[in-house]
Amino acid sequence: MAITPLLKVDNLSIGFDNDDGLVRVVEDVSFTLERGQTLSLVGESGCGKSLTAFALLQLLPPFGKILSGSVCLQGENLASMDEAQLQKIRGNRISMIFQEPMSALNPVFPVGVQVAEALILHKGMAKKAALKEAVGMLEKVGIPDPASRAVNYPHQLSGGMRQRVMIAIALACEPEILIADEPTTALDVTIQAQILDLMHDLQENLGTAILFISHDFGVVSRMADDIAVMYAGRVIEQGSSSDILLNPQHPYTQALLQTTPRIDASLDRLPAIAGRVPGPRRRPPGCCFAPRCSVAVDCCSKQRPERLALSKSHIAACHVLDSSKQEVSHAHG
Amino acid sequence: MRQYLLARSAQSLVVILLMSFVIYGLIGLMPGDPIDILASEDPTMTPEDVAALRALYDLDLPVYERYLNWLGRAFTGELGYSRLFGQPVLDVLGPALVSTLVLMGTAFIVAIAIAIPVGVLAASKPRSALDYGVNLFAFAGISLPSFWLALMLMTLLCVTLGWLPAGGTAPAGSGVLEQLRYMLLPVATIVIVNVGSYSRFVRASMLEVLRKDYIRTARAKGAGQWRVVWRHGLRNGMIPVVTILALEFGSLFSGALIVETIFSWPGMGKLIFDSIMGNDFNLALIALLLATVLTLLGNLLADICYAKLDPRIVIGEGR
């Protein structure tokens with residue numbers, strides 16, 4: 001019997017149900033995350049990657065809800081849990097860190113108290129013991145002089161330090177999964193590298209699996225074991241890190257990779273993908289990337305492409321790929 | 001902190017001085033003076049008598065000279081006599097201030113004690129039945145004219161049912177319960193009229209706060225709804241509310257003219273009104289000035305509250 005994966009997301013669809021009616025924003029997203037591994041969700045802004053992450057813990061913004069699909073943490077479906085059950089999982093078995101470490105920390109509480117809160121909530125610690133443990137956590141995430149930092153308020157720390165505090169909060173209860181929603185986007189580059197290294201080290205020490213959300217292939221290539229590329233609410237290509245980075249098949253993935261600056265290429269100007277991601281109400285009936293795709297053919301704008309297994313680990317959804325693959329298989333057959 | 005308080009007091013002193021001149025000037029601009037009233041009451045007075053009286057009381061001097069004279073005496077602690085009551089100004093003001101403070105202070109505390117939980121609950125479940133109910137009640141309260149509400153309550157509870165006294169204060173020496181019976185209606189009127197807008201302030205502020213990223217962080221940490229709203233939300237949500245309440249603080253002491261008049265409550269609102277209408281310069285001047293002082297004090301209190309609520313605000317570290 002196969003071992004149950006740590007986290008298995010199946011055909012997850014997310015929508016917003018407000019006065020203007022229901023809008024499907026994320027459609028049929030599936031992936032698995034194994035213990036100690038890092039899966040990266042990549043895509044432009046507005047492609048639904050953050051929403052997917054928030055949906056896992058049912059932390060969607062108002063009016064957002066899971067329309068269908070399941071999110072199984074070791075076989076237990078989070079999507080069908082009630083609030084009380086979810087509270088036992090949030091911050092305990094699955095934690096999150098966010099893009100803006102300034103606004104994500106409560107301005108009126110010292111950072112030590114905010115780290116200690118997770119311990120009080122989940123480990124049933126007394127306040128004093130939790131505060132002591134919090135100082136230890138702050139030390140673990142590389143904050144110098146943690147005892148005196150613990151009584152500081154968020155505004156007294158730098159951006160990098162704040163993100164370290166967020167990581168300390170998230171990892172205080174040694175969760176199985178850490179969801180990191182663009183954790184380095186708001187930081188400058190040298191700090192980015194430090195935070196990524198820190199996450200990497202902690203992952204090795206604690207065996208935490210990471211769901212890493214980013215739009216930056218440069219960052220993703222440092223972190224990810226597996227990558228899922230999202231476009232307009234769907235996963236259009238997924239595979240191992242080397243599948244995606246070295247052998248991208250979907251035209252969108254290829255285009256996105258070309259927009260990432262490389263140290264070994266000398267270009268006057270980085271290519272950009274023309275146009276924008278269509279909003280959830282304006283998605284074309286066929287492949288959503290077709291209007292921006294340089295190799296699109298007729299059927300691209302009419303029919304949704306199916307997901308196609310290119311190898312054991314590599315999946316992509318593209319008509320062009322489909323036909324060429326079929327040609328290949330005809331030739332071989 | 002201490003230095004800050006000293007600096008603020010010095011600033012306030014300047015404001016008070018300026019305000020005293022403005023108020024003095026405005027009173028001086030009012031048509032008629034006490035001598036006119038005297039003359040109209042006494043048909044035997046000749047214009048020469050009037051002029052002589054004016055000269056006697058320095059009322060023929062230009063306003064700024066009269067002001068300087070008044071200021072000089074005020075600094076020696078001599079605030080003059082009330083023309084209407086024939087008593088030193090402070091003797092008249094003291095009891096009125098106390099009785100207004102009892103009335104308005106009680107109403108203020110009760111209104112806040114209702115508005116905060118109600119506003120927070122409404123904000124924590126926006127668009128719920130509770131939220132709509134609170135909104136309806138709030139707007140009803142805001143829309144009710146206090147004189148109408150006061151009269152209706154009085155008609156129902158004092159006249160028809162005869163449960164409560166219709167006005168005035170309890171006779172001297174009566175028990176606490178008896179005093180409360182007299183306070184109930186005026187307090188209720190002020191509370192009903194104010195609690196709506198207070199709870200709307202709280203609700204608006206909390207709605208804003210509950211959308212913040214750190215609220216999402218608190219949820220992601222596993223905090224329950226109660227903890228998220230009352231621990232992570234409320235302290236942030238109170239910061240703007242304090243501003244509004246501090247502004248209200250000043251009005252606590254100037255009283256509620258309409259409610260005090262309807263319920264014959266011997267407070268500041270009625271006193272200020274009577275003193276202005278009766279050309280009681282000395283009394284009106286000090287009463288209005290007192291309102292200024294207390295408003296300034298309210299703002300100072302608000303600033304201290306900010307620093308207590310929000311660690312980003314540190315007072316007394318001026319550069």
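Reply: Chain B is divided into domain 1 (2-75) and domain 2 (94-309), where the bounds come from an automatic or database domain assignment. This is a predicted model, in which local features need pLDDT of at least 70 and side-chain atom pairs count only at pLDDT 80 or more, while totals for chains, interfaces and linings use all residues. Residues are numbered from 1 along each chain as its sequence is written, and chains are lettered from A and ligands numbered from 1 in the order in which they are written.

The C-alpha centres of domain 1 and domain 2 of chain B lie 34 Å apart. Between these domains, 13 residues of domain 1 of chain B are in contact with ten residues of domain 2 of chain B, contact meaning that the C-beta atoms of two residues, placed from the backbone, lie within 7 Å. On the side of domain 1 of chain B that touches domain 2 of chain B, α1 (2-29) and α2 (34-41) of chain B each supply at least two residues, and the largest share, nine residues, comes from α1(B). Helices here are DSSP runs (H or I, at least four residues), numbered from the N terminus. By class, that side of domain 1 of chain B has eight nonpolar, three polar and two charged residues; Ala, Val, Leu, Ile, Met, Phe, Trp, Tyr, Cys and Pro count as nonpolar, Asp, Glu, Lys and Arg as charged, and the others, Gly among them, as polar.

Turning to the partner chain, the contact takes 19 residues from chain B and 24 residues from chain A. The largest share of the chain B side, seven residues, comes from α9(B).
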